[in-house]
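Good morning, everyone. Please bring up the structure.

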Amino acid sequence: MRNLILLANFFPYGNGEPYLETEVKYYEQYFDRIYICSLQLRKRDLQSRRELPSDKFEVFPVEKAPNYVYLFNSLRVLGNANLYKELWKLGKEKRMSFQRVVRLFVYLSRSYYEAGKIKKWFKRKVTFDNLDCGVLYSYRFEYQPYVGLLIKQVLPNFKIVARGHGFDLYEERHQEHYIPLREYLLENLDKTIMIAQDGVNYLVEKYPVYKEKVILSRLGTMDQGLAILPQSMDEFRLVSCSTVSPIKRIHLIVEALAQIKNIRVRWDHYGDGLLLSDIKCLAVKLLHGNIHWHFHGYVDNQTLMSIYQKKPYHLFLNVSSSEGVPVSIMEAMSFGIPCVATDVGGTKEVIENYKNGILLSSDFKPKELAGWIMLFFKMDEKEYLLYRNNARTGWEEFYNADKNYRIFWNFLNNMGLDVICCNKKNTYTLKIFI
């Protein structure tokens, strides 16, 4: 029996990891049973659960424990050889600090706790005879793969892989500039899968000895068809979609729009977050009567796709200070909507400058964004339609979910066989010996 054990954060509970909603639809084509272990859950997350494709799926929610439980698990960490190896490594590299030591203890303590809960659940719910083989798949590349490696101790015939995105990959995004046990994971995982070539390059540059274990497998979005073509430039329609958090810098969009005074603009933002009320106050303060704006808050992915298809948006905006590969941009481009976005992370792998959108420097000024909005507003119809066509064809070639996920899941289901991995310039045939 082919089994898949997925380690996810939140999914399918709450609103987190919306992009797994697309990926999980492919699981049952390749595996007999799929077990989803939802990590880091709070009680409020348990109030809603998204529907899964079939009864092949079984979900185990792992709730966040009280702090004293993690403190107790810290005592177990003292017997872990990896603790001392990592401390020695930090000292050797002159990177030792109190904050990093604390981070290491939390990492290991949480891993022991969650792996222990999952093992007990499997022992209670599933006979280990039915778990003779399969794949342990961590959707994140922080502490979650370590949880997987602890589970693998009782499932020796399972292969184990992890997927790296952004915050779970780039150490510089963390306050301590540190994610524990990077080399240990790379050494012990069968494969580490990056969603962007930028992520592959980052890991290979830092840990070249493991370059054969790092592969590229892009995410993707489903084909929802083309959006309605805007028929008029009398009102220029902008759209953005993200959490309203510091890293997304939505205030820069507000500040850019404040500089546009002689045309009518409609701006819709989808997504909520801690800074939403602050951004609304800023918009009230700065935006003039010619800018009509609306913060729609959280909208589920299916509804959002329907909105993109039916509303004639001219341009999509993303001004994040950091990204992995923004699926929000993939989604917009699948409808033929050109994008203006910051050149951070793997964004340049989705946007080709002056072809399907515009790349801004990460430290751009609001005046620059306002200038590009005006340029698209004044663009002649033939040139603008070329941007829209390029947005759609680029998505079809590199970010079509049906194509990308079939390649990926054929790879996981047949580990040891050839797998085709595509990037923008070349097609690689990787012979994988695991």
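One definition to start: two strands pair if DSSP finds at least two bridges between them. Keep that in mind. Also, this is a predicted model.

Now find strand β11, residues 315-318, and strand β12, residues 339-342. They run parallel, and 3 bridges join them. How does the chain get from β11 to β12? It passes through helix α11, residues 327-334, and this β-α-β crossover is right-handed.

On to the other pairing of β11. Strand β8, residues 235-241, pairs with β11 in the parallel sense, again over 3 bridges. Here Val239 stands opposite Phe316.

And the side chains of β11? Leu315 and Leu317 point one way. Phe316 and Asn318 point the other way. All four are buried.

Next, the open sheet. There are 7 strands, in the order β3-β2-β1-β4-β5-β6-β7, with parallel pairing.

Strand β6, residues 191-194, pairs with β7 over 3 bridges, in the parallel sense. Thr192 stands opposite Val214 in β7.

Last, the helices. Helix α4, residues 98-125, packs on the sheet and touches β1, β2 and β3. Its direction makes about 140 degrees with that of β3. Helix α5, residues 144-152, packs on the sheet too, touching β1, β2, β4 and β5. The direction of α5 makes about 175 degrees with that of β5.

Technical notes:
Residues are numbered from 1 along each chain as its sequence is written. This is a predicted model: local features need pLDDT of at least 70, side-chain atom pairs count only at pLDDT 80 or more; totals for chains, interfaces and linings use all residues. Side-chain values use heavy atoms; hydrogens and water are left out. Buried means under 20% relative accessible area, exposed over 50%, partly exposed in between (1.4 Å probe, protein chains only). Helices (H or I, at least four residues) and strands (E, at least two) are DSSP runs, numbered from the N terminus. A crossover is right-handed if, with the strands pointing away from the viewer, the path from the first strand over the helix to the second runs clockwise. Contact means heavy atoms within 4.5 Å. Axes are lines fitted to C-alpha atoms, for helices over the stretch in contact, and angles run from 0 to 180 degrees between N-to-C directions.
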